[in-house]
Amino acid sequence: MDFKLSPEQRLFRDTVRAFTEGEIRPVARAMESSGAYPEQIVEKMRQMGLFGLTVPDEFGGMAADLVSYAIAFEEISRGWMGVAGILGSHTLSCWMIARYGTADQKREHLPDLATGARQTGIALTEPAAGTDLQGIETVARAVGGDYVITGRKMWITNARHADPLPVLVKTDTRALPPHRGMSVLLVPARTPGFDVVRDLPKLGYHGPETCEVVLDEVRVPRAALLGGEEGRGLQQVLSALEIGRINIAARAVGVAQEAYAEALRYAGQREAFGQPIGNFQAVQLKLADMATKIQAARLLTYWAADLRDNSGRDNSGRDNSGRNNSGRDDGGRADMETSMAKVFASEVAVECALAAMQVHGAYGYSREFTVERLYRDAPLMAIGEGTNDILRTVIARALISGRGKID
Ligand SMILES: Cc1cc2nc3c(=O)[nH]c(=O)nc-3n(C[C@H](O)[C@H](O)[C@H](O)COP(=O)(O)OP(=O)(O)OC[C@H]3O[C@@H](n4cnc5c(N)ncnc54)[C@H](O)[C@@H]3O)c2cc1C
């Protein structure tokens, strides 16, 4: 058993850490409160090859192992989680296209996505369906050699920058179970009828845009069908969401680490009753709990990432609750482990952000201190890529079925 990062992983961590320290941290507060898209930082990430994290090297990507992938998200999130969000659904969809795309789709999209010349995202959620993805209402009709898509997607990160945007649709509305009629279509930006109608106002997670998207008779060629086969869409996105859970867990570790670092620093500076507040046991207990939980979250995240990297099995036909239509789990790669990491790390992030705010007293509530941003950003990790409640049911089903084991 080896708890150490490899020399390559350490070097990669140091490189991303230096980037965060030099390019993100100094501008994070001002840029985050301006609400502007951080184009300069994105350009640096392009130059560093980070848009190619999950793209195979034959298409010009970095083909990073998933522990290194987690490290990138953790380190960037220490400076500003929103910036990591720009890479989140991009890298998830690159992974999905590389894994499931046809040879033509890979050739057409992956080289540009690897360099960041084009970006992507993923459009699953709708106004009336998030957890219950089999309940989506976006429909793609086959018309001649094309598909014509009609529907509405909600909460779509990177929607204004995505080209293509993978969209989960129903290609057969009568299929039973419904997932057999679900497919992913790669929709190019600027296709007529594809309209990003509004940016959704958010508590935090400023940086990437999160939008409502209308698809009104959007016509795409048959070649836009991911993998070239209808009825595989839910399997494709659920598989990719495991990669997403790793990046969400890692972002949570980064936010929690930053909250702890801010609390530790402040505890040594702020004085009350003639001494640093770090001398008081109440503050010490908070710091000890934060550090212990962060380390546990980090190890759980790296463990899940490593397992996901080394598991080759596939699953099919489950909704966002991890259940197939027959109501039983049907095996999986690391859905239990990635869910454990995501649930635990996100809750550690929420706890640490609140504890750091408490250590700061009134200043923790001020827009002039970093901890208020951490407090606004942390809860997103408990929602995205499967809510923590639904992921707990994924974990429980795996355990009860005997498929998931912790020994
Ligand atoms: C900032 C932000 C960015 C996002 N980016 C994207 C994106 O890029 N692409 C995308 O497709 N989506 C995106 N999402 C959407 C996100 O993935 C969904 O919000 C999430 O999947 C939950 O869906 P919902 O909001 O519809 O909640 P619902 O599914 O309506 O759930 C509401 C509550 O009910 C609970 N619940 C639902 N079903 C069950 C059940 N069976 N058992 C127990 N509890 C249940 C949930 O846990 C939750 O607490 C984003 C969301 C946010 C906030």
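**Exercise 1. Describe the shell around the ligand by residue class and by origin.**

Solution. Start with the classes. The shell around the ligand holds 9 nonpolar, 11 polar and 2 charged residues. Here Ala, Val, Leu, Ile, Met, Phe, Trp, Tyr, Cys and Pro count as nonpolar, Asp, Glu, Lys and Arg as charged, and the others, Gly among them, as polar.

The model is a predicted one: local features need pLDDT of at least 70, side-chain atom pairs count only at pLDDT 80 or more, and totals for chains, interfaces and linings use all residues. Residues are numbered from 1 along each chain as its sequence is written.

Next, find the nearest residues. Of the 22 residues around the ligand, L124, G130, T131, T157 and T387 come nearest. A residue is near a molecule or strand if its C-beta atom, placed from the backbone, lies within 6 Å of it.

Then look at the elements. Strand 2 (146-157) and helix 10 (388-401) each supply at least two residues of the shell. Helices (H or I, at least four residues) and strands (E, at least two) are DSSP runs, numbered from the N terminus.

Domain 2 (133-228) and domain 3 (233-401) both give residues to the shell, so the ligand shell lies between them. The domain bounds come from an automatic or database domain assignment.

**Exercise 2. Work out which parts of domain 1 touch domain 2.**

Solution. Begin with the division of the chain: domain 1 covers 7-115, domain 2 covers 133-228 and domain 3 covers 233-401. The centres of domain 1 and domain 2, taken over C-alpha atoms, are 23 Å apart. Domain 1 brings 21 residues to the contact, and domain 2 brings 14 residues. Two residues are in contact if their C-beta atoms, placed from the backbone, lie within 7 Å.

Now turn to the side of domain 1 that touches domain 2. Helix 4 (81-100) and helix 5 (103-115) each supply at least two of its residues. Helix 4 gives the most, with 11 residues. By class, this side has 8 nonpolar, 11 polar and 2 charged residues.

**Exercise 3. Describe how helix 3 packs on helix 4.**

Solution. Take the geometry. Helix 3 (residues 66-79) and helix 4 pack at about 145°, with axes 6 Å apart. Axes are lines fitted to C-alpha atoms, for helices over the stretch in contact, and angles run from 0 to 180 degrees between N-to-C directions.

Then name the residues. Helix 3 uses F73, I76, S77 and G79, while helix 4 uses M81, V83 and A84. The contact has 5 nonpolar, 2 polar and no charged residues.

**Exercise 4. Locate the cis peptide bonds at P164 and P177.**

Solution. Take P164. A cis bond joins D163 and P164, with omega about 10°. P164 lies in the loop between strand 2 and strand 3 (165-170).

Take P177. The bond from L176 to P177 is cis, with omega near -10°. P177 sits in the loop between strand 3 and strand 4 (182-187).

**Exercise 5. Explain why W155 counts as partly exposed and E217 as exposed.**

Solution. Know the cut-offs: a residue is buried if 20 or more other C-beta atoms lie within 10 Å of its own, exposed if 12 or fewer, and partly exposed in between, with C-beta atoms placed from the backbone.

W155 is in strand 2. Its phi is positive, about 65°, although W155 is not a glycine. W155 has 19 C-beta neighbours inside 10 Å, so it counts as partly exposed.

E217 is in strand 6 (residues 210-221). Phi of E217, also not a glycine, is positive and near 55°. E217 has 12 C-beta neighbours inside 10 Å, so it counts as exposed.
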